[in-house]
Amino acid sequence: MEICPEELGGGHGDDGRAGPAAGRGVLHGAFAVLEELARVEEAGLTQLAVATGLPKATAHRLLCRLTDLGLVHREDGGRYRIGTRMFRWGQRWSPAQVLSTAAVRPLRRLAAAGCAATIAVRDGDDVIVVSGIGDPAVDEVFRMRPGLVLPAASAAEVVLAVGNPAAVGRPAPGWSLPEGHSPAEWARRVGDARERRVAFDFEAALPPLGCVAAPVRAPTGAVVAAAAVVVVGTNRLPLLADAVRETAACISANLARVPGAGRALSLLAAPEGPPPGR
């Protein structure tokens, strides 16, 4: 089914003629709607228009076409969710497939300790969950579902930065300092995680959440993901550190046995460089 820019709204430039810039605007609008739905899971038209900054009429036209294409599902009450086609496409992202295969059993053992166990990767400036096992107590505060973008400067982001030390003081494309951290502060956190092979984080939510993360390495040795646990409170974090390290090591070992893992994970590997602060 062909998508026509004029039909989606914004199909013409300022001079009234259709062109590539107009098409890019339509695509940006469509992806903004899909990104917001992925973030909130379910939303109405007005909420989506406000969140994306699109005129309500434009948002409605986009939603109609995205629904026709199976990318968005419209509930009987007029609210929208991500559609089945998007779900199928997402399942084919090879890094997630490889990591999920290598992590399923180690994460299951880790979650048995009564915590949410996840594996996350870097996507530009974001860190996203690709697989995991939830915990009811944690889910009431922060449900660790696949596709979730983790808060900035999380423990997972710290251990992922261990694989790209050159980007700490001199951010490379797609890598930047988390908001609120100076280069020196961030370098200290990353350096500590490199030495201890684990990073800690604390979210002052209600109830508070604690996190421990450790780096997962591809067969090449490059850091490609973070294995992490999230628990309510902080008392158990030191006790979980060894279990998280062991889980990350087990996932790393499993990756060496997954066919095609090296190629699939190559996009997640950060360039090597000198340690931060040097």
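**Cysteines, sheet and cores of the predicted model**

C250 has a relative accessibility of 24% and therefore counts as partly exposed. C211, at a relative accessible area of 12%, is buried. Here buried means under 20% relative accessible area, exposed means over 50%, and partly exposed lies in between (1.4 Å probe, protein chains only). The model is predicted: local features need pLDDT of at least 70, side-chain atom pairs count only at pLDDT 80 or more, and totals for chains, interfaces and linings use all residues. Residues are numbered from 1 along each chain as its sequence is written, and side-chain values use heavy atoms, with hydrogens and water left out.

The structure holds zero disulfides (a disulfide being a pair of cysteine sulfur atoms within 2.5 Å). For C211, the closest cysteine sulfur is that of C115, 9.9 Å away, so the pair is too far apart for a bond.

Five strands form an open, antiparallel sheet in the order 4-3-7-6-5. Strand 4 (126-133) and strand 5 (199-203) are the edge strands, and each pairs on one side only. From one strand to the next, the twist averages 30°. Helices (H or I, at least four residues) and strands (E, at least two) are DSSP runs, numbered from the N terminus. Two strands pair if DSSP finds at least two bridges between them.

Seven bridges join strand 3 (residues 116-123) to strand 4 in the antiparallel sense. D123 faces D126 of strand 4. L209 has V232 of strand 7 as its bridge partner. Strands 6 and 7 form a hairpin with five residues between them. In its turn, G221 has a positive phi of about 100°. Strand 6 is mostly covered, with eight of its nine residues buried.

Helix 6 (residues 94-111) lies across strands 3, 4 and 7 (strand 7 being 223-232) and runs at about 60° to strand 4. Helix 11 (residues 237-255) lies across strands 3, 5, 6 (209-217) and 7, at about 30° to strand 6. Axes are lines fitted to C-alpha atoms, for helices over the stretch in contact, and angles run from 0 to 180 degrees between N-to-C directions. Buried residues of helix 11 include L237, L240, V244, R245, I251 and L255.

The largest nonpolar core has 36 residues; L99, I119, V216, I251, L255 and L265 touch the most other members. Helices 6, 11 and 12 (261-265) and strands 3, 4, 6 and 7 each supply at least two residues of this core. Helix 6 gives the largest share, eight residues. A nonpolar core is a set of buried Ala, Val, Leu, Ile, Met, Phe, Trp, Tyr and Cys residues joined through side-chain atoms within 4.5 Å. I251 touches A102, A103, P106, L107, I119, V216 and A227, not counting residues up to four places away in sequence. Contact means heavy atoms within 4.5 Å. A second, separate core of 27 residues includes V159, V162, W186 and C211.
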